[in-house]
Amino acid sequence: MTQATVRFTSFEEYLDTDIQMEGLYELIDGELVQLPTESELNTAIAQYLFLQLVSSGVPFRLIKLYQCEIEVPKIKPKDPLNRYPDLVVLRLEHLALTQKRLTIRLDMPAPQLIVEVVSPGQTNRERDYVRKRDQYAAASLPEYWLIDPEQQCITVLTLEDGHYQEVGIFQGRDRVVSLEFPELVIIADLLLAAGGSIA
């Protein structure tokens with residue numbers, strides 16, 4: 001990860017600054033820290049989920065891959081003030097609210113769904129399973145999925161009284177259960193394999 005040299009005193013100052021940089025950056029302690037690029041498998045899994053959501057009737061304009069910035073509260077030292085989930089399902093009102101910038105602020109309605117595809121390694125696991133989970137719950141995001149190719153499971157969490165509760169951990173031929181999208185039919189191992197092997 002690289003760090004930009006610009007410093008910001010607040011999230012508002014960061015949003016108001018018109019800096020053109022390539023890549024995605026998290027704002028950590030006033031500095032921009034560039035995020036690494038995604039692996040091919042993680043990208044394929046997110047794209048497969050995108051297709052399944054569209055097939056189930058979710059308007060494709062509401063589904064954002066990688067580019068939707070979510071403002072989150074700082075809970076622990078070195079927590080960023082923004083996250084870029086692998087997949088976000090917005091609400092219709094977000095289309096008008098994000099005309100200038102695809103950023104969901106804390107004072108806006110929460111997106112319907114946040115999904116992270118967990119990258120290998122203990123640091124990545126701790127970030128997705130603990131730090132992001134805490135921040136997403138504090139931001140009142142109603143449903144959070146962790147798709148874990150290494151552990152071959154999908155964890156679905158729903159927000160209850162400000163904390164996430166497990167809807168379930170899905171593996172193999174399990175159908176992934178979503179409370180936000182009950183009509184969605186996704187089989188765990190197909191999602192984990194991004195639709196199947198290419199042979």
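## Thr155 in strand β11

Thr155 sits in strand β11. Helices (H or I, at least four residues) and strands (E, at least two) are DSSP runs, numbered from the N terminus. The model is predicted: local features need pLDDT of at least 70, side-chain atom pairs count only at pLDDT 80 or more, and totals for chains, interfaces and linings use all residues. Residues are numbered from 1 along each chain as its sequence is written, and side-chain values use heavy atoms, with hydrogens and water left out.

Is Thr155 buried or exposed? Thr155 has a relative accessible area of 6%, so Thr155 is buried. Buried means under 20% relative accessible area, exposed over 50%, and partly exposed in between (1.4 Å probe, protein chains only). Leaving aside neighbours within four places in sequence, Thr155 is in contact with Tyr129, Tyr144, Trp145, Leu146, Glu166, Gly168 and Ile169. Contact means heavy atoms within 4.5 Å.

## The partners of β11

Strand β11 spans residues 153-160 and is mostly covered, with 6 of its 8 residues buried. Two strands pair if DSSP finds at least two bridges between them. On one pairing, β10 (residues 143-148) runs antiparallel to β11 and is joined to it by 6 bridges. Glu143 has Thr158 of β11 as its bridge partner. The hairpin of β10 and β11 has 4 residues between the strands, and there Gln152 takes a positive phi near 55°.

Strand β12 (residues 163-170) is also antiparallel to β11, with 7 bridges joining the two. Leu159 is bridged to Tyr164 in β12. This hairpin has 2 residues between the strands, and Asp161 takes a positive phi near 55°.

## Helix α4

A kink of about 35° is centred on Lys132. The bend at a residue is the angle between axes fitted to the seven residues ending there and the seven starting there.

Which residues of α4 are buried? They are Asn124, Arg125, Asp128, Lys132, Gln135, Tyr136 and Ala137. These buried residues pack against β6, β9 (113-117), β10, β11 and β12. After α4 comes Ser140, with a positive phi near 60°.

## Lys78 in a loop

Lys78 is found in the loop between β5 (69-71) and β6 (82-83). Lys78 counts as exposed because its relative accessibility is 52%. Not counting residues up to four places away in sequence, Lys78 touches Ile28, Asp29 and Arg131. Ile28 is 50 residues from Lys78 along the chain, yet their C-alpha atoms are separated by 6.0 Å.
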